[in-house]
Amino acid sequence: MDFTPLTATPRHQIPTQYQEIAEKVYQQIRITEEEALLLYACTDLGFLGELAHWVRIQKHGLNTYFNRNFHIEPTNICIYTCAFCAFARRPDEEGGWEFSLSDIEEQVRKYDGQPITEVHIVGGVHPKRGVDYYGEMIQRIKAIRPEIHVKAFTAVELKVMFARSRMSITEGLLALKDYGLDSLPGGGAEIFHPDIRSQICDTKASTNNWLEIHEAAHQLGIPSNCTMLYGHIEKHEHRVDHLRQLRELQDRTKGFNTFIPLKFRDDNNNLSYVGEVNKIEDLKNYAVSRIYLDNISHIKAYWPMIGRDTAQLSLSFGVDDIDGTIDDSTRIYSMAGAEEQNPSLSTYELVQLVKDAGFKPIERDTLYRVVTDYSQVEINRITDLPVYN
Ligand code: V47
Ligand code: SF4
């Protein structure tokens, strides 16, 4: 299929300022923060979709990536009390859990014989555990599954872990890398702007801490993801400020694989009174992120958070990745009222979801190497495996 920018196609009138932004995008010229703000203010969702989809097609064609993964949440005990969080419990509070290393080994063994490529490990910031404890966790996981990619620990967890072990950022990252850490997830970024960060997560890792940990990781050859928690008390200008800081860091390091906008879910937390933004805002946010973040290759719609239908729609608004099978192994979002209360999709279902939206499903590993191109290969509904004729 041949894709031509829609400036060549008759279209209803759009204001000049938006035409100018469209021209820049089609000429692959970076847009400014002011232009990103204008896009956020745009009420023409069709126009934003066109632009973002064009960018997506230039980068990935119709390819839509997912992986086979599961999550480990070692503990929900946390020394912090972020206003948006429904997951964490104080050390002495009811409802807390703390898995032992042998519990975690058992969770990993559950996937024996299944072609999982990634384990995602994120939890609360435990008051007592340091680098050696989490390093041993990684070692024990890799002893069971040597090939698995370990994407583990947000910058928020790492900051406290390194302080407890009296290590610098570089020493701590190198030690974890030695234990088998492969990449960092994108959590903990929330909203970088101090006016908002001070209201929603005042005491945990600062914006500078988050950025310096990811920068150091990239310099040590540890890639990472990045996120933005949107749709609560922040305004569009705070989102643009956040995206700017990510784009600037990526210009320096090129270490981010994927940007994941995380939609604020409002159940059971101290920001519940704010409510949630609607799907139009979700799609707009994907589109503006895709257009503005010209140097980050992938935009992920995290389907357990936004639901399967919005994940499908998002593919026409700049998204090219829908995360993985997950196997009902995460509580962070379901506890905050996310769309999917028991998030689990078989690979067969993920493949159908992508195909039904008109895109090409590609199973990838964490580093976006193709595992199976399901636009070329059938998948067996029962075994969940590719069928090679
Ligand atoms: O930082 C917590 C978010 C993040 C809520 O790298 C909430 O592939 C919405 O790191 N509503 C942690 N979001 C999750 C994380 C992650 C998730 C998916 C993919 C990847 C990746 C990383 O969860 C936290 C916070 O921003 N979160 N509470 C809530 N009520
Ligand atoms: Fe703790 Fe993370 Fe929840 Fe904040 S978002 S309270 S750091 S688990």
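At what angle do helix H1 and helix H2 pack, and how far apart are their axes? The structure is a predicted model, in which local features need pLDDT of at least 70, side-chain atom pairs count only at pLDDT 80 or more, and totals for chains, interfaces and linings use all residues. Residues are numbered from 1 along each chain as its sequence is written, chains are lettered from A and ligands numbered from 1 in the order in which they are written, and side-chain values use heavy atoms, with hydrogens and water left out.

Two packed helices are described by the angle between their axes and the distance between the axes. Helices (H or I, at least four residues) and strands (E, at least two) are DSSP runs, numbered from the N terminus. Axes are lines fitted to C-alpha atoms, for helices over the stretch in contact, and angles run from 0 to 180 degrees between N-to-C directions. H1 (residues 16–26) packs on H2 (residues 33–41) at about 120 degrees, and the axes are 11 Å apart. The two helices are therefore oblique to each other (angles under 35 degrees count as roughly parallel, over 145 as roughly antiparallel, 65 to 115 as roughly perpendicular and the rest as oblique). In this pair, Gln17, Tyr18, Ile21 and Lys24 of H1 meet Glu35, Leu38, Leu39 and Ala41 of H2, where contact means heavy atoms within 4.5 Å. By class, 5 residues of this contact are nonpolar, 1 is polar and 2 are charged. Ala, Val, Leu, Ile, Met, Phe, Trp, Tyr, Cys and Pro count as nonpolar, Asp, Glu, Lys and Arg as charged, and the others, Gly among them, as polar.

A second pair consists of H4 (residues 101–109) and H5 (residues 131–144), which pack at about 30 degrees with axes 10 Å apart. H4 is therefore roughly parallel to H5. Residues in the contact include Leu101 and Ile104 of H4 and Tyr133 and Met137 of H5. The contact of H4 with H5 has 7 nonpolar, 1 polar and 4 charged residues.

Strands E4, E5 and E6 form an open sheet in that order, with parallel pairing. E4 (224–230) and E6 (298–299) stand at the edges with a single partner strand each, so one side of each has no neighbour in the sheet. Two strands pair if DSSP finds at least two bridges between them; E4 and E5 (residues 256–263) are paired over 6 bridges. Leu262 in E5 is the bridge partner of Leu229. Helix H9 (residues 207–219) lies across E4 and E5 and runs at about 160 degrees to E4.

Strands E8 (residues 360–364) and E9 (residues 370–373) run antiparallel and are joined by 3 bridges. Glu363 stands opposite Thr372 in E9. Their hairpin has 5 residues between the strands, and Tyr368 takes a positive phi near 70 degrees.
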